[in-house]
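Colleague: I would like a close look at one loop and the parts around it. Please keep the answer connected and give the cut-offs as you go.

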Amino acid sequence: LLTDFGSSDAYVGVMKGVILSQAPQTRLVDLSHEVEPQATLEAAFLLQTAWRYFPATAVFVCVVDPGVGTARRRIALIADGRIFIGPDNGCLSAALPDEVRGARANAYAPLPVTLPPDLLAVSIENPTLFRRPLSATFEGRDVFAPVAAYVAAGGTLTDLGPRIDQMQAFPAFAAPRRSDGLDGLVLHIDTFGNLITDIRGADVTATTTFVTQGWRFPLVHTYGETKRPAAIVGSSGFVEIAVPNGNAALVLGAGIGDRVRAVP
Amino acid sequence: LLTDFGSSDAYVGVMKGVILSQAPQTRLVDLSHEVEPQATLEAAFLLQTAWRYFPATAVFVCVVDPGVGTARRRIALIADGRIFIGPDNGCLSAALPDEVRGARANAYAPLPVTLPPDLLAVSIENPTLFRRPLSATFEGRDVFAPVAAYVAAGGTLTDLGPRIDQMQAFPAFAAPRRSDGLDGLVLHIDTFGNLITDIRGADVTATTTFVTQGWRFPLVHTYGETKRPAAIVGSSGFVEIAVPNGNAALVLGAGIGDRVRAVP
Amino acid sequence: LLTDFGSSDAYVGVMKGVILSQAPQTRLVDLSHEVEPQATLEAAFLLQTAWRYFPATAVFVCVVDPGVGTARRRIALIADGRIFIGPDNGCLSAALPDEVRGARANAYAPLPVTLPPDLLAVSIENPTLFRRPLSATFEGRDVFAPVAAYVAAGGTLTDLGPRIDQMQAFPAFAAPRRSDGLDGLVLHIDTFGNLITDIRGADVTATTTFVTQGWRFPLVHTYGETKRPAAIVGSSGFVEIAVPNGNAALVLGAGIGDRVRAVP
């Protein structure tokens, strides 16, 4: 489960109640419920860093849904055996290969992409699977939870609705190459204050220098190597700016969307 | 589990350890642990919005307990097959039908109500089910968790202690009707900043106008219909004041207990 | 699971994904993920208050690890049947008897202690149990989660690496006796603002007075006995300073590390 519901309400608990009512054997794991409200890009990034570490039978439900109650589609798809369920707003982008998502030009915005023929995706439209009456504000409870329980209990994806050949997706997370180096940006700030960028570890070398807001940082291999702010290839494969035993976001006054350049 | 323990301590984890030690097959679900400290009314409201979505075999444990260590009773009751356990301070009100709880006059305060004869409720007094020594400050660990594990593992409710025919309950969540409309108030503010009132969706019509602090809001059906602050019948069946893609509590400077009138 | 990962990232969820991929039957319980970043002492204290309440087959994984990526050891040990896994930085101290940990002189700092011969502890070094490639920043995912899954699924502790006879440990949590009474300090501040000290309940009497920052507090038995700030022997067996239905840390302006003396 990945949502922007926070932990002070009972919304997440209610979704779990619905799932366990229909599929009592389900193992429930929280990815995060602290996504910024309606931050579909952040949800897509967190899902990308997480999904490959789950069992091949996992079902991921993402409810970060600014368009709840409107005519936007709800979708489900299968990637590497795992099933992804959520609104069609880009939050499920991580399930798609980078080449399907395409390259980023400037900032990230969801765009319709054409799905490869071997990827099964459907539009969730079968009302017999929904809870009734259907709330206009809490489809997590009335649509996504019962549909997730249905497939977790062995239901077939094509029972959910008609097959689709397009969906909304964010461009692949990868800083584009410009004449003066890679033009990265901060995608996420983690609990420790590390600035996680879209610069891929595979695209940099030991001599690359990272520049943000006039500061310059070297690349190090571990936090233990230095006591000064530095760049490191983080656990999700992207370069992050860190202050050893400190909070880079506070120290550097940096935020999501800030530019970080990687110069050879 | 529904508590005001927060997530920075190990209190909730310890309760789960106790439950799993006694009833290893229990599935544990968190409703919320972010209830405001000692806010029994908020706990009662969250429980009301949640419990019907859980399996018919669910056991709900509410530990929001300003009187911990004093002589207040601890109770357990059965409603619609589900079992509710907690201190006798109103936090379990949601398990009772509205007609038993009675109507609200002004603000909400717990009052003793007489239980219908077909509702089984007991006072938890059997010390052989408690952990020893009994802490004066953490009955969640030493009383409520072991008792919940006992009934979750199939123990009989009447083993817990003598039957009771009265308990503390908050009046039913419903705004009373005055000469100029419904006299509602804000019961809860959710993660998104929505102001959830005690005005029931069934008591309003498409032309009802909602008034708080001099502001007037129309009733809409979905967040997508408007970009302005509006009232909507929320997922729990109560009217809430929302700012689409914004935070109504911040925008309107509103708080729990604020009056919201519904005028025809 | 006990970490300083917070709840806004997917780090904890990813560890759970890894564990369930290897050991699908594992029951996962969160002790806390809100330990202050890199606060190994706080982690050790929370673990001490919690671990005896878990089943005898429990596996505790503590990832509060300022030295991640450096040459510090990773260890695993068995105490009372339960298994403890984490970095060798003191966070697993709670698994050791007080006499092994020794007495505190002034503040708490981890020191190498010699383990009794009947206590099985190993250095985690077997690379075939780790995920590859090994991240320099997220050993929770690549080392501790797979190792925990290995032992949770029945793997033998000695498969993890060579036996060790020393580990880092904090002195036993106990205020030392001075000529004018016990010289305690605040170890932890809980969600309710209670100041939890290292003064053991067994070391005080009904007439002990507690002194911090010029304030003097009596010892009471329950929060219900008084409406004024007071000391109480808390649920973990240590004296805590509490303000009934209030927040002692805010009211008294107190923090972790503050001295609290207990005078007869």
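Where in chain A is the place of Pro133(A)?

Modeller: Pro133(A) lies in the loop between strand S6 (121-123) and H4 of chain A. Helices (H or I, at least four residues) and strands (E, at least two) are DSSP runs, numbered from the N terminus. This is a predicted model, in which local features need pLDDT of at least 70 and side-chain atom pairs count only at pLDDT 80 or more, while totals for chains, interfaces and linings use all residues. Residues are numbered from 1 along each chain as its sequence is written, chains are lettered from A and ligands numbered from 1 in the order in which they are written, and side-chain values use heavy atoms, with hydrogens and water left out.

Start with the backbone of that loop. The peptide bond between Arg132(A) and Pro133(A) is cis, with omega about -5°. Chain B has a cis bond from Arg132(B) to Pro133(B), with omega near -5°. Pro133(B) sits in the loop between strand S6 (121-123) and H4 of chain B.

Helix H4 (residues 139-152) of chain A packs on helix H1 (residues 11-22) of chain A at an angle of about 40°, and the axes are 9 Å apart. Axes are lines fitted to C-alpha atoms, for helices over the stretch in contact, and angles run from 0 to 180 degrees between N-to-C directions. H1(A) and H4(A) cross in a right-handed sense (clockwise; a left-handed crossing has the near helix turned anticlockwise from the far one by less than a right angle). From H1(A) the contact draws on Val14(A), Met15(A), Val18(A), Ile19(A) and Gln22(A). H4(A) supplies Gly140(A), Arg141(A), Ala145(A), Pro146(A), Ala149(A) and Tyr150(A). Contact means heavy atoms within 4.5 Å. By class, the residues of this contact are eight nonpolar, two polar and one charged. Ala, Val, Leu, Ile, Met, Phe, Trp, Tyr, Cys and Pro count as nonpolar, Asp, Glu, Lys and Arg as charged, and the others, Gly among them, as polar. An α-helix has 3.6 residues a turn, so residues three or four places apart point the same way.

How do the copies relate? Chain A superposes on chain B by a rotation of 120° with 0.0 Å of shift along its axis, at RMSD 0.0 Å. These two copies are thus related as by a three-fold rotation axis. Copies are superposed by least squares on the C-alpha atoms of residues with pLDDT of at least 70 in both. The copies use different surfaces, as 3% of the contact residues of chain A recur in chain B. Chain A goes onto chain C by a turn of 120° and a shift of 0.0 Å along the axis, with an RMSD of 0.0 Å. Here 4% of the contact residues of chain A recur in chain C, and again the copies use different surfaces.

Now the packing in chain B. H1(B) and H4(B) pack at about 40° with axes 9 Å apart. Their crossing is right-handed. Gln22(B) of H1(B) is among the residues that meet H4(B), where Arg141(B) and Tyr150(B) are included in the contact.

H1(B) has 12 residues and spans 17 Å from first C-alpha to last, close to the 16 Å expected at 1.5 Å a residue. That expected span is 1.5 Å times one less than the number of residues. Of the 12 residues of H1(B), 10 are buried, so this helix is largely enclosed by the rest of the structure. Buried means under 20% relative accessible area, exposed over 50%, partly exposed in between (1.4 Å probe, protein chains only). Tyr11(B), Lys16(B) and Leu20(B) are among the buried ones. Their cover includes strand S1 (2-3), strand S2 (59-63) and helix H4 (139-152) of chain B.

Val59(C) is in strand S2 (residues 59-63) of chain C. At 23% relative accessibility, Val59(C) is partly exposed. Val59(C) touches Ile83(C), Ile85(C), Ala148(C), Val151(C) and Ala152(C), not counting residues up to four places away in sequence. Val59(C) and Val151(C) are 92 residues apart along the chain, and their C-alpha atoms are separated by 7.9 Å.
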